[in-house]
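Me: I'd like to learn how to read a structure like this one. Can we go through it together?

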Amino acid sequence: MRSLLEGLLLGFSQIAGQALYLEDLFSFFDVRPSIASPPKPRPFPQPLKSGIVFENVGFRYPDSDRWAVRHLSLTLKAGEIVALVGENGAGKTTIVKLLARLYDPTEGRILLDGCDLREYDLTDLRRHIGVIFQDFVRFHFTAGENIGAGRIEATSDRNRIQQAAERSLADRIIQRLPHGYDQPLGKRFHEGADLSGGEWQKIAIGRAYMRDAEVLILDEPTAALDARSEYEVFQRFRDLSAGKTAVLISHRFSTVRMADRILVLGNGKVVEAGSHEELVASGGSYAELFELQASGYR
Ligand SMILES: Nc1ncnc2c1ncn2[C@@H]1O[C@H](COP(=O)(O)OP(=O)(O)OP(=O)(O)O)[C@@H](O)[C@H]1O
Ligand SMILES: [Mg+2]
């Protein structure tokens with residue numbers, strides 16, 4: 001009798017203990033995204049007509065009281081390749097996150113073809129903006145799936161995957177793998193082949209091409225690429241992004257100078273803007289940074 005009662009009480013106290021975790025689980029299920037589509041969303045304009053405008057945008061990350069960007073105004077014209085340059089922490093990645101609407105600005109607004117970004121359908125917006133972030137994901141899937149992840153509906157479309165891989169130069173790497181596009185990548189699995197940093201980066205760039213997005217954003221896409229690959233990737237990028245709007249973020253001036261226009265950021269604001277030649281001639285902070293990097297090669 002005693003041990004039965006003991007068992008019964010123990011059972012109840014364990015249920016009470018576990019119920020606390022269940023409450024966590026259900027409150028997690030109840031979390032709703034704070035960023036959502038409006039009731040009557042606009043479709044994404046195809047093609048983009050005027051471009052994207054940041055109007056006096058200010059943004060603080062949640063739970064932070066420092067402004068990551070503030071009083072930021074800039075224009076990305078449709079069909080233009082713009083490079084963002086600036087020191088670490090200047091706010092480059094933050095601009096990209098705002099553009100893809102991973103966050104909404106705290107102040108000011110972002111206009112896409114004259115309408116606030118918040119008026120567009122969220123899924124449609126993200127489908128048309130292809131971003132490869134600095135800390136891109138290395139999926140421990142097959143090589144084909146890694147690229148296909150750029151457009152989930154097309155993960156079985158081998159032709160499309162192959163085309164995207166050719167554009168990003170990942171095709172050559174994949175052909176060398178024993179199982180080609182079906183080769184599992186990463187060391188997590190027994191047969192997985194690990195790649196070098198630059199090879200992973202080419203795979204990630206392929207993922208961006210997979211989207212066929214109206215706006216393409218590459219955040220330090222060439223950080224791990226060697227000089228020849230960087231040049232090739234960019235030549236292709238220029239040819240393929242004809243008519244598309246593109247944003248490049250890079251600390252390498254060899255990459256940056258290939259853009260149509262360069263925006264220099266400092267303390268979350270645009271401090272200089274112009275083409276490479278104009279900025280070098282003006283002798284501002286861009287010229288100084290360029291000279292610093294160039295002197296290392298002489
Ligand atoms: N998730 C976050 N939470 C709080 N603050 C953040 C977060 N991400 C970035 N910040 C802050 O916002 C500012 C801008 O960061 P951001 O990542 O945009 O810089 P960046 O220009 O991309 O720098 P880098 O050249 O190093 O990539 C920095 O001061 C940074 O500390
Ligand atoms: Mg960054």
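Me: How do the residues of the shell around ligand 1 divide into nonpolar, polar and charged?

Reply: Keep in mind that this is a predicted model. The shell around ligand 1 has 3 nonpolar, 8 polar and 1 charged residues. Among the residues around the ligand are Y61, S64, K92, T93 and Q134.

Me: Which helix gives the most to that shell?

Reply: That's helix α2, residues 92-99, with 3 residues in the shell.

Me: Now the sheets. What is the order of the strands in the open sheet of 6 strands?

Reply: The general idea comes before the case: strands of a sheet pair through backbone hydrogen bonds, and the pairing is either parallel or antiparallel. Here the order runs β6-β7-β8-β3-β9-β10, and the pairing is mixed. At the edges you'll find β6 (129-132) and β10 (269-274), each pairing on one side only. On average, neighbouring strands of this sheet are turned by 20 degrees against each other, ignoring direction. For a parallel pair, look at β3 (81-86) and β9 (261-266), joined by 5 bridges; A83 sits opposite I262 in β9. Helix α7 (197-211) packs on this sheet and touches β6 and β7 (215-219), its direction making about 175 degrees with that of β6.

Me: And in the open sheet of 4 strands, why is one side of β2 and of β5 left without a neighbour?

Reply: The order there is β2-β1-β4-β5, with antiparallel pairing. β2 (67-77) and β5 (115-116) stand at the edges with a single partner strand each, so one side of each has no neighbour in the sheet. Helix α2 packs on this sheet, touching β1, β2 and β4, and its direction makes about 115 degrees with that of β1.

How values were computed:
Residues numbered from 1 in each chain as written. Chains lettered and ligands numbered in written order. Predicted model: local features only at pLDDT ≥ 70, side-chain atom pairs only at ≥ 80, totals over all residues. Near = placed C-beta within 6 Å. Helix = DSSP H or I, 4+ residues; strand = E, 2+ residues; numbered from the N terminus. Nonpolar A, V, L, I, M, F, W, Y, C, P; charged D, E, K, R; others polar. Pairing = 2+ DSSP bridges. Axes fitted to C-alpha atoms, helices over the stretch in contact; angles between N-to-C directions. Contact = placed C-beta atoms within 7 Å.
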